[in-house]
Amino acid sequence: LVPPLVALWPQLHTTVGEAVHGPAVAAVLAEPTAPVAGRLRLAHDLGGRLAEFHGQDAVTAPGWSAADQLAALVAMLPAARICDPGTADRMAGLLDLLAAGAPDTSTEVLAHGAFRAGQVIRSEDGRLVFLDTDGVRRCDQGRDLGNALAHLRWQTIRHPGQRAVLRRAEQALLAGYVERRPVADPTALTWW
């Protein structure tokens, strides 16, 4: 699932893995000349690989809760206020809504922490390899899955000509995940 480790600096929360040659999955999913069926199969496989990553029970890692996520976002408000007070006000309103609807329960898994199709390489031999796993945490499965789906949605904005395929890729990713691991709380997934 991840490249072999070359170096580790725990005090800096940094790992270095062997180079993996191949395109980022995000680039392949948005490539207009790539066959649609192949892109949807890749999104499905990506969901399945994420479910496998979430199934790694033997790994210990620090926790990350909905409250931690909210605190991290609130910490960004002062910088947002300096850049654009109006946007900061809207962000504060959104954070109030998120705080009011924060999930009570958690289906805790080993999570990547910044998972999206751009953090996965399709190697030259066809394997899907996760990059940048130095932020791994034990947290709700919705954190990674929701982040992956949100980034695919963002790709539909950046590549409007690929909107229909990328929306189908969202569903394929979710289907690939659910085939290997159930989504315990769809409400929590929506929140994340």
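# Pockets, ring pairs and charged residues

Visitor: Which strand gives the most to the lining of the largest pocket, and with how many residues?
Guide: Strand S2, residues 14-17, gives the most to that lining, with three residues; helices (H or I, at least four residues) and strands (E, at least two) are DSSP runs numbered from the N terminus.

Visitor: What sort of model am I looking at?
Guide: This is a predicted model, in which local features need pLDDT of at least 70 and side-chain atom pairs count only at pLDDT 80 or more, whereas totals for chains, interfaces and linings use all residues. Residues are numbered from 1 along each chain as its sequence is written, and side-chain values use heavy atoms, with hydrogens and water left out.

Visitor: Back to that pocket, how much space lies in it?
Guide: About 540 Å³ of space lies in the largest pocket, a volume being the space filled by probe spheres set on the grid points. Of its 23 lining residues, Val2, Thr15, Thr133, Asp134 and Val136 are the closest to the centre. A pocket here is an open set of points on a 1 Å grid over the protein atoms alone, with protein on both sides within 12 Å along at least five of seven lines, and lining residues have an atom within 4 Å of a point.

Visitor: And how does the lining divide by class?
Guide: The lining of the largest pocket has 13 nonpolar, six polar and four charged residues, where Asp, Glu, Lys and Arg count as charged and Gly is among the polar ones.

Visitor: What about the second largest pocket, how much space and which residues?
Guide: About 280 Å³ of space lies in the second largest pocket, and its lining consists of Gln69, Leu73, Met91, Leu94, Leu95, Leu98, Gly113, Ala114, Arg143, Asn147, Trp191 and Trp192. Helix H3 (66-74), helix H5 (85-100) and helix H6 (141-158) are the elements that give two or more residues to this lining, and H5 supplies the largest share, four residues. By class, the lining of this second pocket divides into eight nonpolar, three polar and one charged.

Visitor: Switching topic, how many aromatic pairs are there?
Guide: The structure holds three aromatic pairs. One of them joins phenylalanine 115 and phenylalanine 130 at 5.1 Å centre to centre with 45 degrees between the planes, which is a tilted arrangement. Rings of Phe, Tyr and Trp pair if their centres lie within 6.5 Å, and planes under 30 degrees apart count as stacked, over 60 as edge-to-face and the rest as tilted.

Visitor: Where do those two phenylalanines sit? Are they buried or exposed?
Guide: The pair links distant parts of the chain, 15 residues apart, with phenylalanine 115 in the loop between strand S4 (108-111) and strand S5 (120-122) and phenylalanine 130 in strand S6 (residues 128-130). Phenylalanine 115 and phenylalanine 130 are both buried, buried meaning under 20% relative accessible area, exposed over 50% and partly exposed in between, with a 1.4 Å probe and protein chains only. Ring pairs also link Phe53, Phe115 and Phe130 into a cluster.

Visitor: Why does glutamate 170 count as buried?
Guide: Glutamate 170, found in helix H7 (residues 163-180), counts as buried because its relative accessibility is 4%.

Visitor: What does the side chain of glutamate 170 join up with?
Guide: A polar contact of 2.7 Å joins the side chains of glutamate 170 and arginine 153, a polar contact being a pair of N or O atoms within 3.5 Å, one able to donate a hydrogen and the other to accept it. Not counting residues up to four places away in sequence, glutamate 170 touches Leu149, Leu152, Arg153 and Thr156, where contact means heavy atoms within 4.5 Å.

Visitor: And where is aspartate 132?
Guide: Aspartate 132 is found in the loop between S6 and strand S7 (137-140), and at 46% relative accessibility this aspartate counts as partly exposed. Leaving aside neighbours within four places in sequence, aspartate 132 is in contact with His112 and Gln119.

Visitor: What is the phi of aspartate 132?
Guide: Aspartate 132 has a positive phi of about 50 degrees although it is not a glycine. Most residues other than glycine have a negative phi.

Visitor: Last one, which residues does glutamate 108 touch?
Guide: Glutamate 108, in strand S4, touches Arg138, Cys139 and Asp140, not counting residues up to four places away in sequence. Glutamate 108 is partly exposed, with a relative accessible area of 49%, and its C-alpha atom is separated by 9.9 Å from that of aspartate 57, which lies 51 residues apart along the chain.

Notes
1 Å grid on protein atoms, 1.4 Å probe; cavity = no way out; pocket = protein on both sides within 12 Å on 5 of 7 lines; lining within 4 Å. Phe/Tyr/Trp six-rings, centres within 6.5 Å; stacked < 30°, edge-to-face > 60°.
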